[in-house]
Every structure is written in structure tokens, then in C-alpha cells.
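User: I am new to this structure and would like to learn how to read it. Please take me through it feature by feature.

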Amino acid sequence: MALRHHFKTKPFGVSVRNTSVIGWLLASPLSLVLLVFLVAPITMIVVVSFWGATEWSIYPAFQFDNYAFLLTSDVTYRVFLNTLKYAAITWVCTLLIGFTVAYYLAFHIRSLTWQIALFLLCTIPFLTSNIIRMISWIPFLGRNGIANSTLISMGVIDEPLEWLLFSDFSVVLAFVHLYTLFMVVPIFNTMMRIDKSLIEAAADAGATGWQTLWHVIVPLTKPGIMIGTIFVVALVMGDFITVRFMSGSQSANMGRLIQNDIALLQYPSASATAVILLITVLLLIGTLLRFVDIRKEL
Amino acid sequence: MTTISKVRYSRRSMLKAGGAAVAAAALPAPMVWGQETKNITLRQFGTGVSNLNEVAEKVKEDLGFTLEMTALDSDSVTQRAATQPDSFDIADIEYWICKKVWPTGNLQAMDTSKIANYDKIVGIFRDGKLTPESVIAQGTAPHTVGFTTGADGTTFVDEESGWMTLIPTIYNADTLGIRPDLIGRPINNWSELLNPEFKGKASILDISSIGIMDMAMVVESMGEYTYPDKGNMTKEEIDLTLGIFTEAKKNGQFRAFWKSFDESVNLMASGEVVIQSMWSPAITAVRSQGIPCVYQPLEEGYRSWGGGIGLSASLSGMELDAAYEYINWYLSGWVGGFLMRQGYYSAVPETSKNFMSEDEWGFWFEGKEAAGDITNPFGDVMEKAGAVRDGGSFYDRMGAVACWNAVMDENQYMVRKWNEFIAA
């Protein structure tokens, strides 16, 4: 022990004090960036959330009006529940699809070349803007759209299905379409790191395919699932444009409340909503992180 | 400060010049001249309706300076005018937006003595009356927020004070748009918007200041309530109005709400919606796709709106002169004709007439049957020979205005309730 200590500090004459200074210097660029672009804006939002607003201006104050209005309006709770509902349904769908796709890529495709090729194929839709990918659903799902006219000509339905567009269905569909890849990537990543011999061992021990999946692969994939979950939940909770377009402005989530407030120059009220949303998302993610040690993966 | 050379043209010298009519109309104001003008750039922003690149091109051609256009939706326009006064030189806004933005002091009053065609501006924007017999409609009528006390005025005055907040440029009378082919019967009242017959096929716009007025027209038409002033509701009246619409929404009356012009066109053209609040050029956009669409005149009258140009408070010197020149040019006819051929009205119709063919003037302004095909400024055929404008002549349409887009005293309350309606 003493020997090691001796070698660690003495040979180059670097004192403990100096290493800590160097450490601080090395960390400072990142800290500075985070301070300016993350901490400062969020602090500003928190500060403004206590301010007051007239129709055309905001004035510094310390009042709880914004929170009082927000937390006593039953609309807030309904919208909040709606936001969570979208997040939950989208999470389940993206997880099922994402896991399946990643599983197929990781375990059924044998050659690395094909794995990479197929993986890139998954990312092709991301070469266009996500607004465009979303909006292209509208003519497809519309009353006289391709989906309805196909179903009618096939004789499956007599009347166009109204719920295909401008409904919760279309909102969730767009979310799933937009965000599944965020689930595929981290799950695929963790699956690729699973030692294949573990699966062989499971097979040797007499486990069926499903048993291997449930007792070996799923537990080992948990960190990937968690990272994907954080992506999807954070994206869906913070979204406003998908909900606006796909519900035909008829549904609301927290993002839309914020957007409406900003449009009407009610920045303090928008900030208060943003703070509440931020706290909720942080709590959610905090809870998720309790289940898995993500550091181990990174 | 740069001093700039101003040249006042005599009427005579201009008439000698070729293409004099254009310049002559803009003439009486002192003209900014010389090389300096070429370096002037004025930044204009406003709603999509009148922020057209064609206008900027023509400005460059006629006046020499550069006009940068930014088109935004009504809410963003309000936001920008109220919060970023240095981001623009010219604000092309609606009168109800002016009511909100003027108190911020971000705009400067304009001296009407520098406006050549001031005397020819239609009465709606001056004393509020289209014709001497007209009754002034409810809501934020343009003349009520069109004048201020003086160069530094912060409050509105009712009389023509010589200091204008906005120079009127464009206006129209709005009503419901319908798909006659999908409805198959006459529509005569605003109440039809909530008729269960159109369940899941109706729409209303999601811009609170405008939408609430459409709602009020519907509520009155249904016989539910008669407002003392639709443009200035009490909290109870706001609750009642949005209550009726929230119930309709929950019953599935609406297919969607729209916020931008294009959305309204798509909803109508695709058949998702057969009756909805709509703006005039959206109707023509649907019709130019070969799909029947009518801007249906209704018994209760129109909901009207007006827009104008306001100058940023920080505008001064050479740029300010250029801005006045631009305003004078704006009212001198070319833009008016350009806008009128899309179905809007110009603040000075008589100058616009010079830039329209007799048939165009007859169709758009006088409500006469079109003798030949009517094309828009971009060359697309809008109407075939024999067509008559929905609602008839200028005086028939603007004379039947029941209310103006408005900002109410209880606006903040209304906005919150509107948010609840959207979230319901």
C-alpha cells in the first residue's frame, strides 16, 4: 500500500493539490456548457413561473397565482392524465415492437454485415423530418383516405371509419411510428453485448426458447429497455406538435397547454406548466433508474 | 445621421415619363431618392394573407428599396409585435392585434397629412361608417383603435385625430364555408355549424379572438342568447358561449380545429369537413382544385376583420421616410388590385380600380356576373364566365357586417376558458 502510494505521487512531483486543480480544469468546459445551456435556462423558467403577466407583458413578482390556477383547474388534471395515457400506450407499443425488431436483428440475423444493413434500413425514415413523417399519415387515414377506401373496396367495412384520423388512435399511431427506433437502438445495443455462451448454457440446461427469453435475455436487456423507455417517455411527454396535428387540435397534452400559453404571451403561466412537467418527468425517470444501473451499460 | 437627397417631382415631369400612372399615384409625398434608397431594407412581418413576395418584388421595382417579408400566424404576430419591437420595421397586423399591441408603445403613430390618399380611405376605417346610414357593428371596429391622440399617443380616440395607429390595407367579411355537393340543401344560418346533421363534419378555427366571435354568431343564431355586445362579453357570457360549444365538442360535432389557412383548405378539400369557419382565399383555394365550395352568405350577417400597416417605434430618419413612401405606394392601387383579385378588399378601392380590368372590378367589387374567366394574380382561373361572387357586391357584403374580430376586456379569462374548451 505504502509502496503504491509512493509511486503514485512522488516520481513526477505532482502534488495532490495540483491533481485536483487539473481535475477541475478538465471538468470546467463541460460544466460551463451545462451551466450556460442547461442550468441557467431552467433557473430562468423557474423564476419566471412566479412572475405575473398582463396581456402584452410580464412583470417580476413572487406570486403563486400561476401554480394556484394550474393546480386547481380540473382541466390541468385531465390534460395531465391524457399526457400520461399517451406516454403509457406509446411506451407499451414501442417496447413490444422495438424489442421484437432488436431481438430479430441480434439473434436471428447471423452475419454482422446483414445486421448493420438491416439496422440502417430501420433508420431510413429518419432521413426526412419527423413532421413530414407524421403529416403523411393524414391523407392515408382520412375519411376518404387510402386506408378507408381500401377497406371499403375489400368489403371489410361499408362506412368510412371515422376514428382512424383526428383521434387518440391516430395520435398514438404517429407516436409509435416516430419513436420506435429510439427503443430499437438501445435494446439492440445491449442485446449485441450478451455473451452468446449464456444462451447456449441455458439451452444445455434444458431451457425452452421462451424460458431463455424470459429468464436470460430480458433481464440482461433491461438497461437497454430502460434507456429506450427514458427516450420514449421524455419525447412523448414533451411533445406538442404531434398531438396538435394528429388529433386535429381536438386533444391536449401538457405541451399544448404550454404552447397555447406562449402563443398568448402568458409566459409565466407557461413556465409554471413547464416546471410541473419537468418535475413529473424527472420523478418518472428517477423511478426508472432505481430499477437498473445504467452506468454499467455506458 | 445621413442626410438624404429628396426630390419632389412636379406633376408635369411625371406625366411626361412613361408608365406615369404608377408613380403619379404615389407622388404627392416627398420621395426618397438617390443611391441611398437602394441600401434601405425594411423588415415587414404579418399574417400570411398580405405578406406576399410579389409585393416585395414590386416594391423593389417601383421604389428601389428592399422589403423583407416574414409570414406568421396571428398569435405569433401578436407575440412578436409585443415582445420584439426591434425585430421589425413594419408590422402588418389586424386591428384587434393593434388593440393588444398599441399600449406596449412598440408602434409609432402616423401623421395622416403625409398620407396622400387619406381622404379616399373607406369610411369604415375613419368614422366607422361604410355609408352615412350604416350602423357600426359590434366588436373591435377598426376606427375605434385606428386613431390616437398625437405623435406620442398611447390611448385610442374615437375621432379622426390626424394620427393613425395603423394605415388600413386589407379587410374582408368572413362567413362559413360549405361543401354544397356534400350538404345538398341550402344553408342560411350560422346555427347550422352545430346542427347534429353535420356531426363529425364541422370545424371551427382555433384562434381564440376570432373563434369566439364565430361562436357568438352561432349562439345568437340558435336563439340561445342575444349579446348586448358580442365583442365585449362578460364572464358569464363567455362561460355560456364556450359551454354550448364544449358540449357540442363532447358530442363529437367537430372533426378537427384548424389554426392555419392551409389546414382549413385541406380539411374542406379532403371532405373531412363540410361546414366550417373559413377565410375567403381558402374557399378559392378549394375551388381551384375543382372542388365545389361556397362562401355562404348567412342571414345574421358577416364577421369582419381588417388589417393595416403599423410602424415600429424605433423607425426613424431615412428608413421612416422610406416607410411612409411604402405606405403611400401601398394605397396607390397596385397592391389593392392585387389583393382584390384574390377576394379581399382594398382600403382605397378607387385607386385599385386602375389596376383591375373592368370585368374583374365588376366581379369582385360590384358583384356583377363575370363576362369572361376570372383569374387570380397568379394566373389561375378562379371563376368561369357567368359566375357571381358569393354574397354580391362590396356594399352588400361589407354592409352586412354583424361584428368585427375583437379583443375583450375579459380577454385573459376568455383565453383560459378557450384553452379549457380545446382540452375538453
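**Reading the model step by step**

Analyst: Start with the make-up of one chain. Chain A has 14 helices and two strands. Its radius of gyration is 25 Å, well over the 19 Å that the globule rule gives for 298 residues, so chain A is more spread out than a compact globule. Keep in mind that this is a predicted model.

User: What does the C-alpha trace of chain A span along its principal axes?

Analyst: The span is about 85 × 65 × 35 Å. As for burial, 31% of the 298 residues of chain A count as buried. Among the contacts in chain A with a separation of 6 or more, 69% join residues 24 or more positions apart.

User: How many residues of chain A are in contact with chain B?

Analyst: On the chain A side there are 20 residues, in contact with 26 residues of chain B. Two elements of chain A, α4 (74-108) and α13 (254-263), each give two or more residues to that side. By class, the side of chain A that touches chain B holds nine nonpolar, seven polar and four charged residues.

User: Now the sheet in chain B. How do I read the order of its strands?

Analyst: In general, the strands of a sheet pair through backbone hydrogen bonds, either parallel or antiparallel. In chain B, five strands form an open sheet with mixed pairing, in the order β12-β11-β13-β10-β14. At the edges are β12 (254-258) and β14 (294-296) of chain B, each of which pairs on one side only. From one strand to the next, the twist averages 25°.

User: In which sense do β10 and β14 of chain B pair?

Analyst: Strand β10 (residues 176-178) of chain B pairs with β14(B) in the antiparallel sense, over three bridges. Within β14(B), B:V294 stands opposite B:I178.

User: Let us take a helix next. Which residues of α3 in chain B are buried?

Analyst: In helix α3 (residues 53-63) of chain B, the buried residues are B:V55, B:V59 and B:L63. They cover an arc of only 45° around the axis, which means that they lie on the same side of α3(B). They pack against β4 (66-72), α11 (317-330) and α12 (334-340) of chain B.

User: What does the face turned away from the buried side of α3(B) carry?

Analyst: That face carries the exposed residues B:N53, B:E57 and B:E61.

User: Which residue follows α3(B)?

Analyst: B:G64 follows α3(B), and the phi of B:G64 is positive, near 90°.

Technical notes
Residues are numbered from 1 along each chain as its sequence is written. Chains are lettered from A and ligands numbered from 1 in the order in which they are written. This is a predicted model: local features need pLDDT of at least 70, side-chain atom pairs count only at pLDDT 80 or more; totals for chains, interfaces and linings use all residues. Two residues are in contact if their C-beta atoms, placed from the backbone, lie within 7 Å. Helices (H or I, at least four residues) and strands (E, at least two) are DSSP runs, numbered from the N terminus. Ala, Val, Leu, Ile, Met, Phe, Trp, Tyr, Cys and Pro count as nonpolar, Asp, Glu, Lys and Arg as charged, and the others, Gly among them, as polar. Two strands pair if DSSP finds at least two bridges between them. Axes are lines fitted to C-alpha atoms, for helices over the stretch in contact, and angles run from 0 to 180 degrees between N-to-C directions. The radius of gyration is taken over C-alpha atoms; the globule rule is 2.2 Å times the number of residues to the power 0.38. A residue is buried if 20 or more other C-beta atoms lie within 10 Å of its own, exposed if 12 or fewer, and partly exposed in between; C-beta atoms are placed from the backbone. The arc is that of the directions from the helix axis to the C-beta atoms.
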